[in-house]
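Subject: Model handover and findings

Hi,

Here is the model we talked about, with my notes below it. Please read them with the structure open.

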Amino acid sequence: MIEPYLRSFEAFSANGGAAAPVWARSLRLSAITRFETLGFPTTHNEDWHFTSVSPILRGAFVPLTHTSGSVTPADLDPFAFSAAGWHTLVFVNGRYHAGLSGGEALPDGVHVMPLAQAYDELPILVEQHLGKIASFDAHTFTALNTAFINDGAVIHVTQNVELARPIHLLFVSDTAAARGTSQPRNLIVVDRHAKATVIESYAGVGEHEYFTNAVTEAVIGDGATLTHLKLQRESTQAFHVGTLDVRQGRDSHLFSFSFATGGALSRTNVYTELRGEGCGATLNGLYLGDDTQHIDHQTRIEHVEPNCYSRELYKGILDGASHGVFNGKVFVHPAAQKTDGKQTNNTLLLSERAQIDTKPQLEIFADDVKCTHGATVGRLDETSLFYMKSRGINARTARELLTYAFAADVLETIELDEVRHGLEAATLRRYTERT
Amino acid sequence: MLEIHDLRATVAGKEILRGITLSVDAGSVHAVMGPNGSGKSTLAQVLAGHPAYEVTGGTVTYNGENLLAMDPEVRAQAGIFLAFQYPVEIPGVSNAYFLRAAYNEIRKARGEEEIDPMSFADLMDEKMKLVEMDDSMLTRSVNAGFSGGEKKRNEILQMAVLEPRLAILDETDSGLDIDALRIVAHGVNTLKRPTNATIVVTHYQRLLNYIVPDFVHVLAGGRIVRSGGKDLALELEAKGYDWLLEEAVA
């Protein structure tokens with residue numbers, strides 16, 4: 001099952017990947033070796049207990065090496081938040097597409113470029129961080145991505161720069177991606193006291209089967225803030241594995257939101273390590289499933305130092321025979337006294353056949369902490385339904401509004417107006433215009 | 001307007017209402033009082049159509065129609081409004097959206113055009129003044145994070161917007177300080193018309209200093225044990241409920 005990837009790696013090393021610096025080629029080599037040892041996870045693996053990756057293996061996807069020209073700006077409209085003008089890097093089938101990229105100019109002190117360019121222009125930064133954050137020691141998909149590091153975005157926001165507008169990384173797969181796999185690799189570095197918002201969108205143009213395996217590494221410097229919004233709207237036939245791995249410095253803040261509606265099978269990993277005192281991390285998300293979709297989220301928050309907080313709210317609405325998974329881990333290291341952690345997962349099941357496996361976990365090795373976690377799974381609240389009906393709202397509208405409201409509750413936490421409004425409108429349409 | 005005859009209802013198999021008979025005419029204010037567990041909140045919920053209560057006997061006729069056969073939303077569209085004792089929080093739906101949805105449903109039921117957002121905003125300006133609420137309440141989610149007083153005022157705001165023919169206030173005074181109580185009562189009094197009626201369900205006489213009833217009914221053990229004028233409320237305030245309960249048993 002791993003052989004096609006090993007063969008592809010040989011071809012890739014000799015060909016498309018040959019231009020990379022020596023250290024990067026060496027990193028890829030150790031990653032493919034680790035990938036070969038690990039193999040693909042089975043459901044015996046605790047991290048993959050509720051998600052079988054066998055559909056991905058059956059796909060026998062081949063690595064995609066060049067862009068297709070069939071994507072037009074109009075194709076991107078549904079994913080671009082209607083001409084918000086943001087600085088945007090577009091990747092088609094995993095490869096940077098200069099023609100579709102652009103948008104407003106960046107302020108001084110902000111560097112955004114595709115990886116190949118960053119090897120030349122930001123060599124020290126890239127070598128310092130790439131592959132240093134997202135460990136592939138135990139993660140097959142990260143090993144696979146690392147072995148095929150070739151393209152993606154590098155974002156560097158230098159000290160004290162507060163970026164007012166977001167940067168949008170838009171990964172689209174079109175018909176030429178069918179039966180193929182792309183391995184986008186991104187690096188975000190926000191220096192001391194800087195502030196940035198990055199949107200990562202994954203989208204399919206048309207309905208076809210492909211496999212996206214993305215990894216983003218992020219470093220948030222002391223006193224810096226990163227808002228990371230991941231919007232997974234892949235083709236419903238697609239497979240998607242996406243990992244965000246973050247390292248936070250002292251007094252830094254992370255707001256992460258994962259919105260997942262696409263893909264036949266998707267897995268999103270959001271990991272952060274709070275490595276300085278006074279950090280805060282908020283990990284929120286919303287998954288909307290239907291038909292036979294499988295949508296898995298795994299989060300891990302490592303409280304390494306004292307006096308940090310973490311907040312986590314993941315909500316899901318599952319219809320049809322869709323299957324959701326939430327596996328959230330909060331580790332509190334022995335030194336991390338005064339940790340304040342709260343983790344919540346709520347899922348609304350709209351059909352008898354929909355199901356959720358939820359596993360919020362706390363592992364606490366410090367004695368002076370305040371940590372809570374909880375999960376609920378349920379149907380629409382009868383009292384709320386009655387309240388709405390008692391105001392004259394008909395039963396169907398009441399159900400639709402409450403379903404929307406369940407999602408809107410967590411979408412409200414997105415500060416960026418265009419994205420919040422866009423996702424609210426899409427969610428409202430999804431649950432109020434069904435026939 | 002409303003004729004309740006020998007109404008019986010159970011919740012989870014337990015009989016709470018044991019034969020209530022009550023007649024409410026347009027233009028009148030009725031107070032329903034009684035100790036905890038007497039069934040007064042159940043009566044309010046049954047009239048609004050709460051699905052947890054099962055009507056096991058009796059009839060309720062509203063403007064000549066069988067109220068018990070109507071779904072809760074149909075009752076509301078026909079002009080019945082229940083101000084909840086515990087207003088429900090609906091995170092994710094703004095107060096403005098909720099009110100406009102309800103208002104338009106009720107207009108549709110009356111055969112009127114839906115209101116556009118601009119005209120609705122004007123209407124809200126006027127109604128918000130009545131309960132001394134500021135605009136920020138409209139953008140907040142329905143009752144989410146509201147204080148007890150804000151929730152009750154929000155109920156009266158909804159009542160002001162929906163203009164019911166029969167308003168049922170279920171312990172609207174509970175948990176209110178005197179200022180909030182005055183605002184709520186002022187709202188209710190201002191909305192009073194010769195064509196509509198109000199049923200005030202309350203444990204205490206205090207609210208009735210502000211919303212003066214034409215009739216007072218005392219509920220105990222799921223029955224009305226005494227009816228009278230507004231003076232009955234004062235008598236209850238002075239003497240408590242026990243003497244009535246003893247009389248009822250005797």
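In chain A, 10 strands make up an open sheet. Their order is 3-2-6-9-11-13-15-17-19-21, and the pairing is mixed. Strands here are DSSP E runs of at least two residues, helices are H or I runs of at least four, and both are numbered from the N terminus. Two strands count as paired if DSSP finds at least two bridges between them. Strand 3 (95-96) and strand 21 (370-378) of chain A are the edges; each has a single partner strand, so one side of each has no neighbour in the sheet. Inside the list, strand 17 (residues 309-318) and strand 19 (residues 340-349) of chain A run parallel over 10 bridges. I317(A) sits opposite L348(A) in strand 19 of chain A.

Before going on, the ground rules. This is a predicted model: local features need pLDDT of at least 70, side-chain atom pairs count only at pLDDT 80 or more, and totals for chains, interfaces and linings use all residues. Residues are numbered from 1 along each chain as its sequence is written, while chains are lettered from A and ligands numbered from 1 in the order in which they are written.

Next, helix 10 of chain A (residues 417-432). Its 16 residues should span 22 Å at 1.5 Å a residue, and the end C-alpha atoms are 22 Å apart, which agrees. The expected span is 1.5 Å times one less than the number of residues. V419(A), G422(A), L423(A), T427(A) and Y431(A) are buried in helix 10 of chain A. Seen down the axis, the buried residues of helix 10 of chain A fall within an arc of 150°, so they line one face. That arc is taken over the directions from the helix axis to the C-beta atoms. On the face turned away from the buried side, D417(A), A425(A) and R429(A) are exposed. Buried means 20 or more other C-beta atoms within 10 Å of the residue's own, exposed means 12 or fewer, and partly exposed is in between, with C-beta atoms placed from the backbone.

What do the buried residues of helix 10 of chain A pack against? Strand 9 (195-204), strand 11 (225-233), strand 13 (253-260) and helix 9 (395-411), in chain A.

Helix 9 of chain A is mostly covered, with 12 of its 17 residues buried. Among them are R399(A), Y404(A) and F406(A).

20 residues of chain A are in contact with 21 residues of chain B; contact means C-beta atoms, placed from the backbone, within 7 Å. The largest share of chain A's side, nine residues, comes from helix 9 of chain A.

The largest nonpolar core has 180 residues. A core is a set of buried Ala, Val, Leu, Ile, Met, Phe, Trp, Tyr and Cys residues joined through C-beta atoms within 7 Å. Helix 9 of chain A gives this core its largest share, 10 residues. I155(A), F81(B) and I168(B) are among the residues with the most contacts inside it.

Last, chain B. Five of the six residues of strand 11 (residues 215-220) of chain B are buried, so the rest of the structure largely encloses this strand. Strand 11 of chain B pairs parallel with strand 3 (residues 29-33) of chain B over four bridges. With strand 12 (residues 223-228) of chain B, strand 11 of chain B pairs antiparallel over five bridges.

Best wishes

Methods
Two residues are in contact if their C-beta atoms, placed from the backbone, lie within 7 Å.
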